[in-house]
Amino acid sequence: GQPCSACCASRGLQCDARQIEFINRCEYLRQHFPCEQGCGHQVGSEIPCYVHDTSRDTAQQCLVTDGAISTCEAFHFATTRLCACVPQ
């Protein structure tokens, strides 16, 4: 995984952390990822995300959070983030 700041910058955009809370929903994750094992709730600043690492107990799940503030700089090696990229 990589932070949203890097992902957005690679597309000529910037990450807007204030918008992440609005995409922190299973319905948005399912538009971008397969979510083969459904959606789960976890705590982490790199959420919302999809767990692509099949060795994890949350493998192939889309994760949302109620208990953490997501940031543009957070990332986890086992996940692919859903980012809120906006024009610079």
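Visitor: What should I know before looking?

Guide: The model is predicted, with local features needing pLDDT of at least 70 and side-chain atom pairs counting only at pLDDT 80 or more, while totals for chains, interfaces and linings use all residues. Residues are numbered from 1 along each chain as its sequence is written, and side-chain values use heavy atoms, leaving out hydrogens and water.

Visitor: What is the strand order in the open sheet?

Guide: Strands are DSSP runs of E, at least two residues, numbered from the N terminus, and two of them pair if DSSP finds at least two bridges between them. Here four strands run S2-S4-S3-S5 with mixed pairing. Strands S2 (39-41) and S5 (79-81) are the edges, each pairing on one side only. S3 and S5 are antiparallel over three bridges, and Cys49 has Arg81 in S5 as its bridge partner.

Visitor: Which residues of the largest nonpolar core touch the most other members?

Guide: In soluble globular proteins, nonpolar side chains tend to be buried together. A nonpolar core is a set of buried Ala, Val, Leu, Ile, Met, Phe, Trp, Tyr and Cys residues joined through side-chain atoms within 4.5 Å. Among the 17 residues here, the answer is Cys15, Leu29, Phe33 and Cys62.

Visitor: Is Thr58 buried or exposed?

Guide: Buried means under 20% relative accessible area, exposed over 50%, partly exposed in between (1.4 Å probe, protein chains only). Thr58 counts as buried because its relative accessibility is 12%. Thr58 sits in the loop between strands S3 (49-51) and S4 (62-64).
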